[in-house]
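Subject: Structure handover

Hello,

Here is the structure for your set. My notes follow below it.

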Amino acid sequence: MTDLIRYTAAETAAAISSGEVSAVEVAQAHLDRIDAVDKKVNAFLHVDTEGALSAARAVDAKRAKGEELGPLAGVPLALKDVFTTKGVPTTCGSKILEGWIPPYDATLTTRLKDAGVVILGKTNMDEFAMGSSTENSAYGTTGNPWDLSRIPGGSGGGSAAALAAFEAPLAIGTDTGGSIRQPGAVTGTVGVKPTYGSVSRYGLVAFSSSLDQGGPCARTVLDAALLHEAIAGHDPLDSTSIDAPVPAVVEAAKRRDIRGMRIGVVKEFAGEGYQAGVMQRFNESVELLRELGAEVVEVSCPSFTLAMPAYYLIAPSEASSNLARFDAMRYGLRVGDDGTRSAEDVTALTREAGFGDEVKRRIILGTYALSSGYYDAYYGSAQKVRTLISRDFDAAFAGVDVLVSPTTPTTAFPIGERADDPLAMYLADLCTIPSNLAGNAAMSLPCGLAPEDNLPVGLQIIAPAMADDRLYRVGGAVEAALNDKWGHTLLEEAPAL
Ligand code: GLN
């Protein structure tokens, strides 16, 4: 038997449906892999061995009865610990939710189960998805499989690391400011932030509701597309869910032809702070797009330079409101409830003990920005900037089909390097944040290793809202051309764990 953990999701599903392997064998191979390497990587907060094997048995039983299997039936997946899973712990990387067992499944969880996807467990993340390195998790940091002393990105570092460590062929992330794409970039994997509202947020524990978006993570563009189609689509349980057909992303991923497409290079995403090797691989990718027959032009989006400050007012403002629900009465941790204290005191003691520094910093920032004397000056101004950013995108997309940039200005940095410097940490999302503010669709895919440190570089592709298929069309073509050029996939260059 070939090494099952190295199969793509598409290959895994085909092998199961043809009877070459059983879903249980596939699940067991991945559980064994997790057993072997996850002490080092720490991608998983919780491994659901029984749940995974029973989901796999159900797929095998279906096949035995001759029932038709869906395109991802039996394929293992690592789920970011920010989606609720009925009967399975959900912590959001926070002490305040330690021991909480959700009584219901998120819509995304339900869709995965309905598709026959085998959920292996829940992955590590920065607390409440606030961070770019997974160092803000209350349960220890995750290592980057390329170099365990470096960060795997964040907040979805666990999901990306699980892919790169061959612990799962598929994973789910959430992207509020870059938390799917930046971990994808620094681990040499593919991550997609779908159009805002196209994947349900029901059961996604809220950080910043106007920005949060769940999406697919995978090792190939086609696998991401298959997962995208499984999780996207209208959900009446989410009031911001878009009631429109999901773009044909699988078909687009298979097309591998970008002749005649117009592609814009965003001028503002370059310059100071961008690592030389990142820019080198990005510029080579732009050349490749030309060779593949696209027309490449430079575009300017002047308001993008204000995206970071606007994000760090809007996201903390929404977080300060969303996280008010952790009041020691409803979920998880409760501290100081000894019969002598008021409910208010118990709430305060619980939040003091249960939240980490970054979460507290954002609650304070957001509460301040929303306070009556400052609301217009801070939150109001940030909302105006948000509109300007959307207008820059509209103007750009009037002339091009997609935009491209590096996903993140640098490769994976050493664990600890930015831990005490929030502003340096925030810079990791310089190129990803504008798409969250505008609500459009964006992908990161590997485009090579930076020569100075031999670490993965991500190419970001951005498409207009509900044109997610364009990401896959361009991404699929670039991936195929690069794999041809290298003679293998990028992850095959990763050191053995
Ligand atoms: N790194 C950004 C932040 O800390 C984005 C996080 C995310 O997308 N969840 O807010």
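Start with Tyr374, which lies in the loop between helix H12 (357–369) and helix H13 (376–397). Helices (H or I, at least four residues) and strands (E, at least two) are DSSP runs, numbered from the N terminus. Tyr374 is partly exposed, at a relative accessible area of 36%. Buried means under 20% relative accessible area, exposed over 50%, and partly exposed in between (1.4 Å probe, protein chains only).

Tyr374 also belongs to a nonpolar surface patch with Tyr368 and Tyr378; together they have about 280 Å² of accessible area. Patches take residues with over 30% relative accessible area and no salt bridge; like charges are joined within 9 Å, nonpolar side chains (Val, Leu, Ile, Met, Phe, Trp, Tyr) within 5 Å. Areas come from the Shrake-Rupley method with a 1.4 Å probe; for residues, only the protein chains shown count as cover.

Ground rules: this is a predicted model, where local features need pLDDT of at least 70 and side-chain atom pairs count only at pLDDT 80 or more, while totals for chains, interfaces and linings use all residues. Residues are numbered from 1 along each chain as its sequence is written, and side-chain values use heavy atoms, with hydrogens and water left out.

Salt bridges

The count comes to 19 salt bridges. The rule is a side-chain nitrogen of Lys or Arg within 4 Å of a carboxyl oxygen of Asp or Glu. Some cases:

- Arg201 pairs with Asp238, with the closest N and O atoms 3.9 Å apart. Arg201 sits in the loop between strand E5 (190–193) and strand E6 (214–218), and Asp238 in the loop between helix H7 (221–231) and helix H8 (249–255), so the pair ties together parts 37 residues apart in sequence. Both Arg201 and Asp238 are buried.
- Asp105 and Lys113 meet at 2.8 Å, N to O. Asp105 is buried, at 17% relative accessible area. Lys113 is partly exposed, at 42%.
- Asp337 and Arg334 meet at 3.2 Å, N to O. Asp337 is partly exposed at 46%, and Arg334 is partly exposed at 42%.
- Glu358, Arg361 and Arg362 are linked in a salt-bridge network.

Helices

Which residues of H3 are buried? They are Ala52, Leu53, Ala56, Val59 and Asp60. Seen down the axis of H3, these buried residues fall within an arc of 115°, so they line one face of the helix. The arc is that of the directions from the helix axis to the C-beta atoms. Their cover includes helix H1 (9–18), helix H2 (23–41) and strand E3 (118–123).

H3 (residues 49–64) has 16 residues, which should span 22 Å at 1.5 Å a residue; its end C-alpha atoms are 22 Å apart, which agrees. The expected span is 1.5 Å times one less than the number of residues. Just after H3, Gly66 takes a positive phi of about 80°.

Gly487 follows H16 with a positive phi near 80°.

Glu98

Glu98 is in the loop between strand E2 (76–80) and helix H4 (107–114). Glu98 is partly exposed, at 44% relative accessibility. Leaving aside residues up to four places away in sequence, Glu98 touches Tyr139 and Gly332; contact means heavy atoms within 4.5 Å. The C-alpha atoms of Glu98 and Arg259 are separated by 51 Å, and the two residues are 161 residues apart along the chain.

Best wishes
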